[in-house]
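User: I would like to learn how to read the sheet, a helix and the charged contacts in a model like this one. Please take one feature at a time.

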Amino acid sequence: MKGTGSMTDERLPLYQRLRDDMLAKIAAGEWAPGGAIPTEAELTKHYGVAVGTLRKAVDTLVQDGLLKRSQGRGTFVLRPNFESSLFRFFRQVDARGERRIPNGRILARELTSPPSYVADALALPSSENVIRLERVRELDGTTVYHEEIWLPASRFEALIQIDPDDFGNLLYPFYETQCGQLIGSARETLTVETADATLAGVLGIGTGQPVVMIERLAFGYDRTPLEYRRSRGAANTFRYQVDIS
């Protein structure tokens, strides 16, 4: 495979090596989310491969939800909507019953050593620092859930210099503009806990009341772990729904 300077495992099938190189281009910002990738003709010439091999590589990225073909327009890099994921589970409505997205507010930010479970999740050596964010999401002045977020300091060091009041309500676009880090996918796990006195005070519920925790590990387009997050909300605002076909 010509036309690429990235390191590839020659033992992999050619279409998989092609796929990995395309992911590296997205992760590096060479192919921007929302933008079109080069045409088939340009890519087959660039890589020196048959069109069938190229299409197989692109097909895997389409199936993974990272690219989208648009008839007559080309193939585009998708920007995942992670906010919609969280609000599939926590249903927040106002007094009129209309669905609302709560505003985010940073309570604390620190540069610290990661707990072992965070280091493991982010695949970091214990000697590497992380940035820990504590955040609440509020609706009409009421806290509806609490978040702890950990980020590798080496990739997100720009956040240390930014006033917490200037953080965007949506963090992933903020990571992109301030740190050049693109989130491409995530894995979520749901568990049920009981609120300790501190969390109960934040959420305005009784100590020992049930809370739902959504644990998220977010990855770059090249599958590098970039963010580990724990979001907790009162169980009485939680609604699980899945479509089965």
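User: Which residue does Glu 148 stand opposite in β8?

Analyst: Glu 148 stands opposite Arg 230 in β8. Strands (E, at least two residues) and helices (H or I, at least four) are DSSP runs, numbered from the N terminus. Two strands pair if DSSP finds at least two bridges between them. Here 6 bridges join β5, residues 142-152, to β8, residues 225-234, and the two run antiparallel. This is a predicted model, in which local features need pLDDT of at least 70 and side-chain atom pairs count only at pLDDT 80 or more, while totals for chains, interfaces and linings use all residues. Residues are numbered from 1 along each chain as its sequence is written, and side-chain values use heavy atoms, with hydrogens and water left out.

User: What is the strand order of the open sheet?

Analyst: The order is β3-β4-β5-β8-β7-β6, an open sheet of 6 strands with antiparallel pairing. β3 (103-112) and β6 (185-194) stand at the edges with a single partner strand each, so one side of each has no neighbour in the sheet. From one strand to the next the twist averages 15 degrees. Angles run from 0 to 180 degrees between N-to-C directions, and axes are lines fitted to C-alpha atoms, for helices over the stretch in contact.

User: Which helix packs on the sheet?

Analyst: Contact means heavy atoms within 4.5 Å. Helix α7 (residues 171-179) packs on the sheet and touches β4 (130-139), β5, β7 (210-219) and β8. The direction of α7 makes about 155 degrees with that of β8.

User: How many residues of β4 are buried?

Analyst: Buried means under 20% relative accessible area, exposed means over 50%, and partly exposed lies in between (1.4 Å probe, protein chains only). In β4, 10 of its 10 residues are buried. In a regular strand the side chains alternate between the two faces of the sheet. For β4, one side carries Val 130, Arg 132, Glu 134, Val 136 and Glu 138, and the other Ile 131, Leu 133, Arg 135, Arg 137 and Leu 139; all are buried.

User: Now the charged contacts. How many salt bridges does the structure hold?

Analyst: Side chains of opposite charge can pair when their charged atoms come close. The cut-off for a salt bridge is a side-chain nitrogen of Lys or Arg within 4 Å of a carboxyl oxygen of Asp or Glu. The structure holds 17 of them. In one, Arg 232 pairs with Glu 148, with the closest N and O atoms 3.6 Å apart. This pair links distant parts of the chain, Arg 232 in β8 and Glu 148 in β5, 84 residues apart. Arg 232 is buried at 11% relative accessibility, as is Glu 148 at 16%. Both belong to a network of salt bridges that also includes Glu 110, Arg 132, Glu 134 and Glu 193.

User: Where are Arg 216 and Glu 188, and is each buried or partly exposed?

Analyst: Arg 216 is in β7 and Glu 188 in β6, 28 residues apart. Their side chains meet in a salt bridge at 2.7 Å, N to O. Arg 216 is buried at 5% relative accessible area, whereas Glu 188 is partly exposed at 23%.

User: Which residues of helix α3 are buried?

Analyst: They are Leu 54, Ala 57, Val 58, Thr 60 and Leu 61. These residues cover an arc of only 150 degrees around the axis, which puts them on the same side of α3; the arc is that of the directions from the helix axis to the C-beta atoms. Their cover includes α1 (14-27), α2 (40-47), β1 (67-70) and β2 (74-77). Arg 19 lies in helix α1 and touches Ala 57, Thr 60, Leu 61 and Asp 64, not counting residues up to four places away in sequence.
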